[in-house]
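The model shown below is predicted.

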Amino acid sequence: MEPRIQYAKTPDGVSIAFWTLGEGQPLVQMSSLPLSHIQLEWQDPGWRRWYERLAEKRKLVRYDGRGTGLSDRHVADYSVEAHMLDLQAVVERLGVQRFVLVSPLTACPIAIAYAARHPEAVSHLLLWCPWARQEGRALGLWALRNEEWELYTEATAHATFGWSAAEEAHRWAAYLRECTTPEAARAIHNALLEFDVTAVLSQVRSPTLILQRPQGALLPGVEIARALASGIPDARLALLEGASLLPWMGDEESVWAAFDEFLGDSEPPPARAEPVAAGGLCTILFTDVEGSTALTERLGDAKGRAVLREHERITREALRAHGGAEVKAMGDGFMASFSSATRALECAIAMQRAFAAHDDEHPETPIRVRIGLNAGEPIAEEEDLFGTAVNMAARVAAKAEGGEILASDVVRQLVAGKGFLFSDRGDVILRGFEDPVRLYEVRWREEG
């Protein structure tokens with residue numbers, strides 16, 4: 001089934017087309033400018049196989065940059081700053097706060113600049129055959145786009161697929177001509193010549209993987225990849241066999257092996273949220289790491305991120321064990337739903353006990369987590385939950401201290417007689433609610 005096309009609006013008024021596929025932690029794949037068409041790519045077996053595999057364990061987000069595909073094509077600004085607005089508009093439209101960023105070829109300077117500016121947002125940065133400023137082999141070919149658009153697309157396609165693959169290359173050239181207009185391609189190429197992010201390489205704090213195929217006629221040289229790897233802290237360089245611009249051509253499995261090792265995809269995917277039936281009662285759980293900003297400032301970005309990853313691991317393991325469905329991750333917290341209030345409370349208790357065990361083993365990096373629960377009939381929309389029940393659960397979590405579980409009176413009544421121990425915290429005013437709400441602390445520590 002073809003993914004549904006949606007749109008996001010940038011601050012400078014450009015409509016950006018995107019689709020999503022799969023569940024779990026978000027992964028955003030950019031496009032190699034100016035060649036992008038998210039609808040036609042899905043109709044190509046090679047691209048579709050690539051996207052389906054990316055979405056097996058994550059929520060894949062794919063978008064057309066300005067001037068390409070289904071996004072607005074009549075655009076004046078194609079600078080790095082403008083292209084970063086496209087990416088930001090899409091992730092804000094989806095409510096994504098932290099994601100893996102995958103960038104191929106000409107989009108790599110944009111991804112590098114974005115990761116340098118938003119270290120809190122980019123969990124991992126994957127760069128496919130990248131460069132920081134244009135100084136490679138494609139310049140001569142680009143000159144054709146001024147003279148003869150069709151010849152340019154045919155030459156690009158044949159260089160991608162090999163000169164012996166005439167029929168396949170001809171089809172690819174036709175696709176390239178659908179990606180953009182000659183005028184937009186000319187403007188984007190001219191802007192690419194001005195891209196230079198070498199000055200911000202040292203500012204990238206995200207773990208970075210550089211994947212390079214050194215044999216391609218249009219690919220940046222190995223020396224460029226090595227310079228990038230030495231300029232970006234915590235960057236790894238993987239040299240792969242092959243000459244194709246496209247990762248799913250040639251030795252595709254070596255690409256996936258590098259991806260999986262870098263992203264740690266041996267872990268099972270998070271539980272998939274089941275659709276909430278109309279009028280269906282569910283229990284909403286929120287987690288929030290207390291003092292996450294101060295933790296990062298104290299430990300530094302890399303060590304602070306490692307602590308947050310441990311929070312993510314413990315939370316997801318507990319959700320899987322107790323039948324919870326991850327609705328969304330929010331950098332230093334989670335929102336999850338349960339069809340049973342009993343399982344939701346059991347999950348919350350398991351989480352706090354796991355965090356306490358971590359703290360006993362690692363007292364220098366404690367994970368203090370607030371947990372809040374409420375039950376009601378939320379509104380399900382675009383794989384998310386909304387409404388009063390959700391808002392109250394978030395406000396309940398905000399009232400907790402690190403290491404506490406707070407539950408609304410609705411949750412307490414739903415689990416009456418199930419053996420849970422509660423301590424009455426009295427009536428509390430929650431932000432956004434006029435009437436006070438009765439809250440109860442769930443006692444989870446072993447007695448004795």
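## Cavity lining

By class, five nonpolar, three polar and one charged residues line the second largest cavity. The lining consists of Met30, Ser31, Leu33, Tyr63, Gly65, His83, Asp86, Ala107 and Ile110. This cavity has a volume of about 50 Å³, and the structure holds two cavities of 30 Å³ or more.

Asp86, one of the cavity-lining residues, forms a salt bridge with Arg66, with 2.9 Å between the closest N and O atoms. The pair links distant parts of the chain, 20 residues apart: Asp86 lies in helix 3 (residues 80-94) and Arg66 in the loop between strand 4 and helix 3. Asp86 counts as buried because its relative accessibility is 1%, below the 20% cut-off. Arg66 is also buried, at 0%. Salt bridges with shared partners join Asp12, Arg66 and Asp86 into one network.

The structure holds 17 salt bridges. Among them is the pair Glu41 and Arg62, at 3.1 Å from N to O; Glu41 is in helix 1 (residues 38-42) and Arg62 in strand 4 (residues 59-63), 21 residues apart. Glu41 is buried at 2% relative accessible area, and Arg62 is buried at 1%.

## A partly exposed pair and a surface patch

Asp427 and Arg438 form a salt bridge, their closest N and O atoms being 3.2 Å apart. The pair links strand 16 (residues 422-428) to strand 17 (residues 437-442). Arg438 counts as partly exposed, at 33% relative accessibility.

Leu281, Val410 and Leu414 make a nonpolar surface patch of about 240 Å². Leu281 sits in the loop between helix 11 (252-263) and strand 9 (282-289) and is partly exposed, at 48% relative accessibility.

Note on methods
Residues numbered from 1 in each chain as written. Predicted model: local features only at pLDDT ≥ 70, side-chain atom pairs only at ≥ 80, totals over all residues. Heavy atoms only, no water. 1 Å grid on protein atoms, 1.4 Å probe; cavity = no way out; pocket = protein on both sides within 12 Å on 5 of 7 lines; lining within 4 Å. Points joined across faces, edges and corners; volume = space filled by probe spheres on them. Nonpolar A, V, L, I, M, F, W, Y, C, P; charged D, E, K, R; others polar. Patch = residues over 30% accessible without salt bridge, like charges linked within 9 Å, V, L, I, M, F, W, Y side chains within 5 Å. Areas by Shrake-Rupley, 256 points an atom, 1.4 Å probe, with all protein chains shown as cover. Salt bridge = Lys/Arg side-chain N within 4 Å of Asp/Glu carboxyl O. Helix = DSSP H or I, 4+ residues; strand = E, 2+ residues; numbered from the N terminus. Buried < 20%, exposed > 50% of the residue type's maximum accessible area, 1.4 Å probe, protein only.
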